[in-house]
Amino acid sequence: MANSTLGKAAILMFGPPGSGKGTVSKVLMARLGLPHISTGDILRENVQAGTALGREAKAVMDAGKLVSDDLVNRIAAERLSRPDCANGCILDGYPRTLEQGKVLAGLLAKLGLEPVVVYLDVDYNVIVARLTARRSCPKCGAVYNLVSKPPKAGGLCEVDDTPVVIRDDDKEDVIRQRFANYEKQTQPLVDFFTGKVKRFHRVKVGEGSPEENCERVCRLLANG
Ligand code: AMP
């Protein structure tokens, strides 16, 4: 897909945890040649590396709560100011609250990037089934699903043979907490951007495969 239809845009991926934002974002990254920025990934990298930022965020993340607006706003401002974002980017998991949305809207205006929203809409029950089956490799980060993409026999990572694990924040009670947080904190954000952006694409996912959902999103973006 040519980037010309899109212009200089920051694609904001909205959708509850488990809606497939990460998967769709990675496909868009490859198709559009834009960097994929996930605040969750950046935070997890920091937790893994034991940085001060990671130590600050870990307990909050393990409890399924959101880290502070100030912390993620700083992460996003630093990342968006890098040269690879000059023509646009895909934001996955940020903004998550109205406060973050307001800060981001100001930042994008300064950077000359148009916000384009892609909202992946999905039922809670579909999400629980998907996330409780998710496993990841603690060494290389490869993601598996016991149903659709199982690891090697014995539950080992295909890449480096490390036993795969369930992420602390993919446990069912934590998922419920994250979904409730999402509804409470993100709905006002969706309302804020609904009135503000020219392009707001709401896509009902759930029934379709990840590949089909990616195709639908790509078509919507290509058609403006
Ligand atoms: P994710 O992989 O996007 O689901 O993020 C994993 C965890 O990182 C979340 O449950 C939050 O604790 C934290 N996190 C990621 N992005 C944000 C954000 N924009 N605002 C607050 N917390 C975030």
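**Entry 1: ground rules**

I count two strands as paired if DSSP finds at least two bridges between them. My helices (H or I, at least four residues) and strands (E, at least two) are DSSP runs, and I number them from the N terminus. I am working with a predicted model, where local features need pLDDT of at least 70 and side-chain atom pairs count only at pLDDT 80 or more, while totals for chains, interfaces and linings use all residues. I number residues from 1 along each chain as its sequence is written, and my side-chain values use heavy atoms, with hydrogens and water left out.

I started with strand S1 (9-14), to see how covered it is. Six of its six residues are buried, where buried means under 20% relative accessible area, exposed means over 50%, and partly exposed lies in between (1.4 Å probe, protein chains only). Ala9, Ile11 and Met13 point one way from S1, Ala10, Leu12 and Phe14 point the other way, and all are buried.

Which strands does S1 run beside? I found five bridges joining S1 to strand S3 (residues 88-92), and the two run parallel. Six bridges join S1 to strand S4 (residues 114-121), again in a parallel arrangement. Ala9 has Glu114 as its bridge partner in S4.

**Entry 2: on from S4 to S7**

S4 is mostly covered, with seven of its eight residues buried. I then followed S4 across to strand S7 (residues 199-204): six bridges join S4 to S7, and they run parallel. Val116 stands opposite Arg199 in S7, and Val118 has His201 as its bridge partner there.

Which face of S7 is covered? I noted Arg199, His201 and Val203 on the covered face, and Phe200, Arg202 and Lys204 on the uncovered one.

**Entry 3: helix H7**

Next I looked at helix H7 (172-194). H7 has 23 residues and reaches 31 Å from its first C-alpha to its last, close to the 33 Å expected at 1.5 Å a residue. That expected span is 1.5 Å times one less than the number of residues.

Where does H7 bend? The bend is about 40° at Thr186, and a proline, Pro188, follows within four residues. I take the bend at a residue as the angle between axes fitted to the seven residues ending there and the seven starting there.

Pro188 lies in H7 itself and is partly exposed, with a relative accessible area of 32%. Among the buried residues of H7 I listed Arg178, Tyr182, Thr186 and Val190.

**Entry 4: the cavity**

How many cavities of 30 Å³ or more does the whole structure hold? My search finds one. On a 1 Å grid over the protein atoms alone, a cavity is a set of points where a 1.4 Å probe fits but cannot get out, and lining residues have an atom within 4 Å of a point. The largest cavity has a volume of about 50 Å³; grid points are joined across faces, edges and corners, and a volume is the space filled by probe spheres set on the points.

I wrote down the lining: Met13, Phe14, Gly15, Lys21, Gly93, Tyr94, Pro95, Arg96, Tyr182 and Thr186. The elements that give two or more residues to this lining are S1 and H7. By class, it has five nonpolar, three polar and two charged residues. Here Ala, Val, Leu, Ile, Met, Phe, Trp, Tyr, Cys and Pro count as nonpolar, Asp, Glu, Lys and Arg as charged, and the others, Gly among them, as polar.

Most residues other than glycine have a negative phi, and most peptide bonds are trans. The peptide bond from Tyr94 to Pro95 is cis, with omega near 0°. I located Pro95 in the loop between S3 and helix H5 (98-111).

Asp161 has a positive phi, near 65°. I found Asp161 in the loop between strand S6 (143-145) and H7. Is Asp161 buried or partly exposed? It counts as partly exposed, because its relative accessibility is 42%.

**Entry 5: one last glycine**

Gly20 sits in the loop between S1 and helix H1 (21-32). At 21% relative accessibility, I call Gly20 partly exposed. From Gly20 to Val190 is 18 Å in space, C-alpha to C-alpha, and 170 residues in sequence.

Notes: 1 Å grid on protein atoms, 1.4 Å probe; cavity = no way out; pocket = protein on both sides within 12 Å on 5 of 7 lines; lining within 4 Å.
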